[in-house]
Amino acid sequence: MDADRSLDCTGLVCPLPVLRARKVLSGMAPGQVLAVSASDPAAPRDFEAFCAAAGHVLLGREDRDGVFGFRIRRGG
């Protein structure tokens with residue numbers, strides 16, 4: 001599945017990756033997908049909690065050599 005937008009948050013620490021993702025998602029239409037890359041070790045837990053609280057769907061997560069990739073579908 002292709003993403004509608006992408007966001008590189010590598011090198012940023014909590015809470016910046018989630019805050020930047022929230023800002024990008026707010027400008028997207030419901031159902032669109034955002035791909036995020038982040039290197040903060042707390043990012044997996046942070047993005048799971050963020051998606052659950054904000055009504056977005058965490059479609060998937062990858063871990064490649066310390067860089068996490070997330071695919072988030074914007075909720076309605």
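Is Cys14 buried, exposed or partly exposed, and what is its relative accessible area? In this predicted model, Cys14 is partly exposed, and its relative accessible area is 45%. Cys51, in contrast, is buried, at a relative accessible area of 2%.

A disulfide joins the sulfur atoms of two cysteines covalently. The criterion applied here requires the two sulfur atoms to lie within 2.5 Å. For Cys14, the closest cysteine sulfur belongs to Cys9 and is 12 Å away, which is too far for a bond. The closest cysteine sulfur to that of Cys51 is likewise in Cys9, and because the separation is 13 Å, this pair is also too far apart for a bond.

Charged side chains were examined next. Side chains of opposite charge can pair when their charged atoms come close. The count of salt bridges comes to two. One is formed by Glu48 and Arg61, with 3.8 Å between the closest N and O atoms. This pair links distant parts of the chain, as Glu48 lies in helix H2 (residues 43-54) and Arg61 in strand S3 (residues 57-64), 13 residues apart. Glu48 is partly exposed, with a relative accessibility of 42%. Arg61 is also partly exposed, its relative accessible area being 46%.

The side chains of Glu62 and Arg64 form a salt bridge as well, with an N to O distance of 2.4 Å. The two partners fall into separate accessibility classes: Glu62 is partly exposed at 41% relative accessibility, whereas Arg64 counts as exposed at 58%.

S3 and strand S4 (residues 67-73) are antiparallel and are joined over seven bridges. Within this pairing, Asp63 is placed opposite Phe68 of S4. The two strands form a hairpin with two residues between them, and in this hairpin Asp65 adopts a positive phi near 50 degrees. In a regular strand, side chains alternate between the two faces of the sheet.

Key:
Residues numbered from 1 in each chain as written. Predicted model: local features only at pLDDT ≥ 70, side-chain atom pairs only at ≥ 80, totals over all residues. Heavy atoms only, no water. Buried < 20%, exposed > 50% of the residue type's maximum accessible area, 1.4 Å probe, protein only. Salt bridge = Lys/Arg side-chain N within 4 Å of Asp/Glu carboxyl O. Helix = DSSP H or I, 4+ residues; strand = E, 2+ residues; numbered from the N terminus. Pairing = 2+ DSSP bridges.
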